[in-house]
Amino acid sequence: MQTALLIISTVAVLIFGFWLIQNSQFRNEEKKRQWELKRESQKAVSPIRLRAYERLALLLERTKPEHMLMELRAKDPNALSTWTVGQVQQYLLQTIRAEFDHNQSQQVYISNEVWDMIVNARDQTASFVIAMAAQLPPQATAQTYATTLMTAYASNGLTPTDKALEELKEEAKTLM
């Protein structure tokens, strides 16, 4: 009876040991498959993420007042001599909104912190455009507004847009 119990116990221990080894190997293989899948997925996602960083960098560059005013001049060389301050202000705000709306989906590829900086840069730039227009006398020309806007923006030092762009670039470097 003791021999049978010993044989059964030994077989049970061997089976349990065999099961532990197989289970461990299975888990290792599963981890390896998951790692390979993740690596392949990253190969596919990395170029998409890099394009998202590029698009968001363009968004930030295109919504700087000097860039928007250069675009306005390219579209209508007489705009600053024929438009009102209100029309230029409206054009700038529409440009900011359109650029942001066009690139909003890219937020899924970047960190929440950098996205918040981009949103803050958008909001600060729009507020700046409004504030500069509000400071001008009612008879001010669009050219005066443009000059005031560019001078004040250039003297602001590191703007929220510049800060967001720096952080965006730093985060993008982690992909390479």
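A cavity is a set of points, on a 1 Å grid over the protein atoms alone, where a 1.4 Å probe fits but cannot get out. Residues are numbered from 1 along each chain as its sequence is written. The model is predicted, so local features need pLDDT of at least 70 and side-chain atom pairs count only at pLDDT 80 or more, while totals for chains, interfaces and linings use all residues; side-chain values use heavy atoms, with hydrogens and water left out.

**The cavity**

The largest cavity has a volume of about 70 Å³. Volume here is the space filled by probe spheres set on the grid points, which are joined across faces, edges and corners. Lining residues have an atom within 4 Å of a point. They are Leu 59, Leu 60, Thr 63, Ile 96, Phe 100, Ile 118, Ala 121, Arg 122, Thr 125 and Thr 161. Helices α1 (2-62), α4 (85-103) and α5 each give two or more residues to this lining. Helices are DSSP runs (H or I, at least four residues), numbered from the N terminus. α5 gives the most, with four residues. By class, the lining has six nonpolar, three polar and one charged. Ala, Val, Leu, Ile, Met, Phe, Trp, Tyr, Cys and Pro count as nonpolar, Asp, Glu, Lys and Arg as charged, and the others, Gly among them, as polar.

Two packed helices are described by the angle between their axes and the distance between the axes. Axes are lines fitted to C-alpha atoms, for helices over the stretch in contact, and angles run from 0 to 180 degrees between N-to-C directions.

| Pair | Angle | Axis distance |
|---|---|---|
| α5 (112-135) and α7 (160-173) | about 160° | 8 Å |
| α2 (65-75) and α4 | roughly 110° | within 10 Å |
| α5 and α6 (142-154) | about 125° | 10 Å |

α5 and α7 are therefore roughly antiparallel (over 145 degrees). Their crossing is left-handed. In α5, the contact (heavy atoms within 4.5 Å) uses Val 114, Met 117, Ile 118, Asn 120, Ala 121, Gln 124 and Thr 125. The α7 side includes Pro 160, Thr 161 and Lys 163. This contact has seven nonpolar, four polar and three charged residues.

α2 and α4 are roughly perpendicular (65 to 115 degrees). Their crossing is right-handed. Met 68, Leu 69, Glu 71, Leu 72 and Lys 75 of α2 meet Val 88, Tyr 91, Leu 92, Thr 95 and Ile 96 of α4. The classes are seven nonpolar, one polar and two charged.

The crossing of α5 and α6 is right-handed. A crossing is right-handed if the near helix is turned clockwise from the far one by less than a right angle, and left-handed if anticlockwise. Phe 128, Val 129, Met 132 and Ala 133 of α5 touch α6 residues including Tyr 145 and Thr 148.

How values were computed. Parallel < 35°, antiparallel > 145°, perpendicular 65-115°, else oblique. 1 Å grid on protein atoms, 1.4 Å probe; cavity = no way out; pocket = protein on both sides within 12 Å on 5 of 7 lines; lining within 4 Å.
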